[in-house]
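Student: Could we go through this structure together? I would like to begin with the ligand surroundings.

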Amino acid sequence: MTDTLPDRTVDADGFRRALAVHPAGVVVITALSEGLPVGLTATSFCSVSLEPPLVSFYVDRSSSTWPSLRTADHFAVNMLAGDQADVAARFARKGIDRFAEPTRWRPGPLGAPLLQDVSAHLICLPYETREVGDHILVVGLVAEANVRGPARPLLYHSGRFGRFVAQA
Ligand SMILES: Cc1cc2nc3c(=O)[nH]c(=O)nc-3n(C[C@H](O)[C@H](O)[C@H](O)COP(=O)(O)O)c2cc1C
C-alpha cells in the first residue's frame, strides 16, 4: 500500500534545516542603475540552458536591491573565489555602501560593476523574470564570460562559508 500525498507542507524550520545541508556556490549579482552600482550576494545562481546560453538566480521579493536591478539593462554575475567570504558577507549586509572600500571593483564593458579577484564574471542581458512563491526568478542571457583562472570557489553550507577540496 502506498502513502497518500500529504495535504500539508513542511514547516519553515524543517525546510531551513534540510536546505542548509545542500552546499552552494556563492555569487554577487551587480548592475548599474541610474548611474549607481547595486549588488547582492546570492547562492540561488545556476545554469539553465546552453543554446541559448542562459543562467538564473532568485531574488527575494522584499529585496531593496531588486527595484534597481530590475530596471538595469544588463547585470553581471561575479563568481566568488574561496578567499572572498568577506565580500559575500558585505554584499548581504544592509545599511552600508557595499561598493565602498575595502570592496575592489571596476566598471565592466557595458557599465555593470565587476568585482576584483573573482573566479569568473558573466555579463547577462535580462531574458525573463517570473514571480515564484516569495521570490522572483531572474533568467539572464549570457553575452560575455571571463574566467580568471583555476581559482577555488567560495561555498556556503550550514550557514557557513568554506572552500572546495577536490578528492585526490
Ligand atoms: C550566503 C548568502 C546567500 C544568499 N542568497 C540569496 C539569494 O539567492 N537571493 C536573495 O534574494 N538573497 C540572498 N541572500 C540575501 C541577500 O544577499 C541579502 O538579503 C540582501 O543583500 C539584502 O539586501 P537588499 O535588501 O539590499 O537586497 C543571501 C545571503 C547570503 C549571506
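**Ligand shell and sheet**

Tutor: Strands β3 (36-42) and β5 (54-60) each contribute at least two residues to the shell around the ligand; strands (E, at least two residues) are DSSP runs, numbered from the N terminus. This is a predicted model, in which local features need pLDDT of at least 70, side-chain atom pairs count only at pLDDT 80 or more, and totals for chains, interfaces and linings use all residues. Residues are numbered from 1 along each chain as its sequence is written.

Student: Which strand gives the most to the shell around the ligand?

Tutor: That is β5, with four residues.

Student: And which residues come nearest to the ligand?

Tutor: Ala42, Ser44, Ser63, Thr65 and Ala92 do, out of 18 residues around the ligand. A residue counts as near if its C-beta atom, placed from the backbone, lies within 6 Å of the molecule.

Student: Changing topic: what is the order of the open sheet of three strands?

Tutor: The order is β1-β11-β12, with antiparallel pairing. The edge strands β1 (24-25) and β12 (160-163) each pair on one side only. Two strands pair if DSSP finds at least two bridges between them.

Student: How many bridges join β11 to β12?

Tutor: Four bridges join β11 (residues 154-157) to β12. In this antiparallel pair, Leu155 is opposite Gly162 of β12.

Student: What feature does UniProt place at residues 19-163?

Tutor: The unreviewed UniProt entry lists "domain: Flavin reductase like" there; such annotations may be inferred rather than shown by experiment. The span is 10% helix and 50% strand, and its end C-alpha atoms lie 19 Å apart. Helices here are DSSP runs of H or I, at least four residues.
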